[in-house]
Amino acid sequence: SPAEPQEFEQLLEAIEVQSKLPLQGVIHLWSLDAPKTQDLTITTLEQAQRWGCGAVLEIVKALIKTKSVAKLWLVTRGAIAVKSPTESVSVAASPLWGMGRVIALDQPQMWGGMVDLDPRTSETETEKLLQFLIHENQLEDHLALREDNSYVARLIKQSPTVPQGVKIHSDATYLITGGLGALGLHTARWMLEQGARHLVLSGRKQPDLEAQQTIEELQKLGAQVLVLYGDISDEVDGTKIISQIEACLPPLRGIIHGAGVLDDALLHSMNWEQFTGVMAPKVKGAWHLHNLTQNKALDFFVCFSSMASVLGSPGQGNYAAANAFMDGLRSEERRVGKECRSR
């Protein structure tokens, strides 16, 4: 059980004592049980994170403590978009890909790789998966199966097309979560320059002196700036923030989700509370905002993500996982026609 960390160490020790052969690999399959996005609730999302990232965290710590030489493989189903940016994504499993990229950097000696199975189960997928896992000369560690084809991850140089700009309306309201931090205030200033006149900055704490000075400067430049306090990872606080906007301000037309915290540590020294503390504002916060705005005519819903979710970043397994969730949610919202950009 991921809730009983000692059980992982006990399992590895029992294998060492009882098996005649050395342990060569650990294959994490629990994320295959992650619920589909349309069936997610905040409760099942939390459970999926415990059996996904939580279990993997304990496996990593147990492998290190027992000095095992086993290679760790993570297996998901439909957790990443492979053939199209609008491909259906299992957002509950997507954090594991961010975490996996950090394991590869933090603990390269135990890293095997990640395989994402086709969202639709096939009769031959088990055989193909085993071919990846037992291939002695397997050089790829980011693999995906789609129908009869296998895909590998590559970074390529591109010249992306410039997206059509989003018009900022002076008679609309824009919410910036994490709005009292440096990133949120910088974004607020930019939005004012684009024509916004009604800004809501949400945060958990009172603004410091520098933030208060920036808010007063924005107000002098013609913006109505409302500061609302609350934890966006808490559904009650998130609902209250949206309700207050609806009660006394022009219609909400855009959201900038910039809330986030850091608590860096190598995975072998990180506990689950450290992990979930960083996951909460990005995972729960984005999920609450997603649900609270399902029936609202937003022009945009921007999530500030991080390159850590794509390339990994040593000591940031929790942060990479949290941002990978938002990347997955962005893909899923695009699939169903919502405008959600992750930058």
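Colleague: How many nonpolar, polar and charged residues does the lining of the second largest pocket have?

Modeller: This is a predicted model, in which local features need pLDDT of at least 70 and side-chain atom pairs count only at pLDDT 80 or more, while totals for chains, interfaces and linings use all residues. Residues are numbered from 1 along each chain as its sequence is written, and side-chain values use heavy atoms, with hydrogens and water left out.

By class, the lining has 13 nonpolar, 13 polar and 5 charged residues. Here Ala, Val, Leu, Ile, Met, Phe, Trp, Tyr, Cys and Pro count as nonpolar, Asp, Glu, Lys and Arg as charged, and the others, Gly among them, as polar. The second largest pocket has a volume of about 590 Å³. A pocket is an open set of points on a 1 Å grid over the protein atoms alone, where a 1.4 Å probe fits, with protein on both sides within 12 Å along at least five of seven lines; lining residues have an atom within 4 Å of a point. A volume is the space filled by probe spheres set on the points, which are joined across faces, edges and corners.

Of the 31 lining residues, Gly178, Arg204, Ala259, Gly260 and Val261 are the closest to the pocket's centre. Two or more residues come from each of helix H5 (182-193), strand E7 (198-203) and helix H8 (272-292); such helices (H or I, at least four residues) and strands (E, at least two) are DSSP runs, numbered from the N terminus. H8 gives the largest share, 4 residues. Helix H8 also holds both Trp272 and Phe275, 3 residues apart, about one turn of the helix.
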